[in-house]
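Please load the model in a viewer and display it as a cartoon.

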Amino acid sequence: MTINGVRQAGVVDGAEIALLATTVDDIVRGGPIGARGEVLPLAEVRLESPVHRFNRDILCTGWNYLDHFLESAGKRSGQGPAEMPERPTFFTKGPDTVIGPSDDIAYDPEISRKWDYEAEIAMVIGRDGRSIPEEKALDHVFGFLVANDVSQRDLQRAHGGQWLKGKSLDATMPLGPWITTPDELDLADLQVQCEVNGVLLQNASSSQMAFSFARIIAELSHGMTLRAGDVILTGTPSGIGSAREPQLFLDDGDVVVTRVSGLGELRNTVTLTDLS
C-alpha cells in the first residue's frame with residue numbers, strides 16, 4: 001500500500017492492518033520487519049500488489065490440474081501435447097501485467113477479442129536456491145497469495161501456441177491481496193475459485209494439482225537459480241472460458257472475483273483501456 005506517497009508494508013490482523021516502516025519487497029529478501037506502527041482499519045486501506053520489485057518475468061506453471069488439461073483437449077488448435085505431461089510445463093509472463101487486488105483489469109478489444117480468466121495460487125520465493133531437493137523446497141517459500149492469469153487466447157494461438165505473448169499484456173494480472181506464510185495454511189486443501197459477475201465458474205482444491213508446490217520448485221530450480229522475490233504461479237483448474245461450450249470471454253464491465261481459502265480474494269473490474 002502507499003501512505004502519503006510512501007510505499008509501506010503492513011501486518012493484517014483480522015479487520016485491521018498495522019503499518020511497518022519497510023516494504024514487502026525488502027522483507028521477502030530478508031530485510032528486517034521492525035516494529036509495528038500505526039494501526040488502521042483494513043476497510044479504509046487500498047491494498048496494492050504485495051510485491052513490486054521483480055527479479056524477472058513471473059514464472060508460471062501450465063496444465064497443473066488434470067481436469068483443466070482434459071477440458072481443453074481438441075480445443076488447442078493442434079497446439080500442445082496429446083497427453084498430460086509427466087513433468088511440469090513452465091512459461092513466463094511479463095511483470096508489467098501485475099495489478100493490485102482491486103485494480104481494473106485492462107481490456108482492449110482492438111488487441112484481443114478473447115480475454116480469459118484463470119484463478120491460481122501464487123508462491124513468493126524467500127530464499128535463493130538452485131537444484132533444490134523436493135523435500136526442502138517449501139523452506140524456500142516466503143508465502144502464498146492469489147493471482148488471476150488473465151489470458152488472451154487468440155494471441156496465444158496466433159503466435160505459435162507459445163504463451164508469452166498471450167499472457168503478457170500490461171495491467172491484466174491481479175495479484176494479492178496479501179502474502180500468507182506457509183505455517184498458516186493447509187497446503188493440501190486450498191480451495192481455488194473464480195466468479196464472473198456473481199457466477200461461480202472455477203472451483204477446485206489444491207489437492208487436485210498434478211504437481212505439488214514442492215515438486216514445482218524442485219523441477220523449476222533444477223540447474224536454474226530461484227531468487228528471493230521470484231513469483232511463481234502454480235496453474236489453474238478447469239472452468240476456463242475458452243473450454244466452455246459456448247465459449248465465455250471477459251468483456252468491459254465484468255466483475256471478476258478470484259479467491260483462495262486462507263489467502264483472501266481479489267475483486268477486479270474489466271475496464272476498456274487503450275493499450276495501443
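Which residue in β16 does Q193 stand opposite? Select Q193 and N203: Q193 stands opposite N203 in β16. The model is a predicted one, in which local features need pLDDT of at least 70, side-chain atom pairs count only at pLDDT 80 or more, and totals for chains, interfaces and linings use all residues. Residues are numbered from 1 along each chain as its sequence is written, and side-chain values use heavy atoms, with hydrogens and water left out.

**First stop: the hairpin**

Select residues 191-196, which form strand β15; this strand pairs with β16 in the antiparallel sense over 6 bridges. Strands (E, at least two residues) and helices (H or I, at least four) are DSSP runs numbered from the N terminus, and two strands pair if DSSP finds at least two bridges between them. Next, select V196, which stands opposite V199 in β16. β15 and β16 form a hairpin with 2 residues between them, and N197 in the turn has a positive phi of about 55°.

**Second stop: the sheet around the hairpin**

Now select β3, β4 and β5, an open sheet of 3 strands in the order β3-β4-β5 with antiparallel pairing. The edges are β3 (9-13) and β5 (36-41), each with a single partner strand, so one side of each lacks a neighbour in the sheet. Neighbouring strands here are turned by 30° against each other on average, direction ignored. Strand β4 (residues 16-20) is joined to β5 by 4 bridges, and E16 stands opposite P41 in β5.

**Last stop: the largest pocket**

Select G10, V11, V12, W178 and I179, which are the closest to the centre of the largest pocket among the 28 residues that line it. A pocket is an open set of points on a 1 Å grid over the protein atoms alone, where a 1.4 Å probe fits, with protein on both sides within 12 Å along at least five of seven lines; lining residues have an atom within 4 Å of a point. The volume of the largest pocket is about 660 Å³, taken as the space filled by probe spheres set on the points, which are joined across faces, edges and corners. β3, β4, α1 (24-28) and β14 (173-180) each supply at least two residues of the lining.

Methods
Axes are lines fitted to C-alpha atoms, for helices over the stretch in contact, and angles run from 0 to 180 degrees between N-to-C directions.
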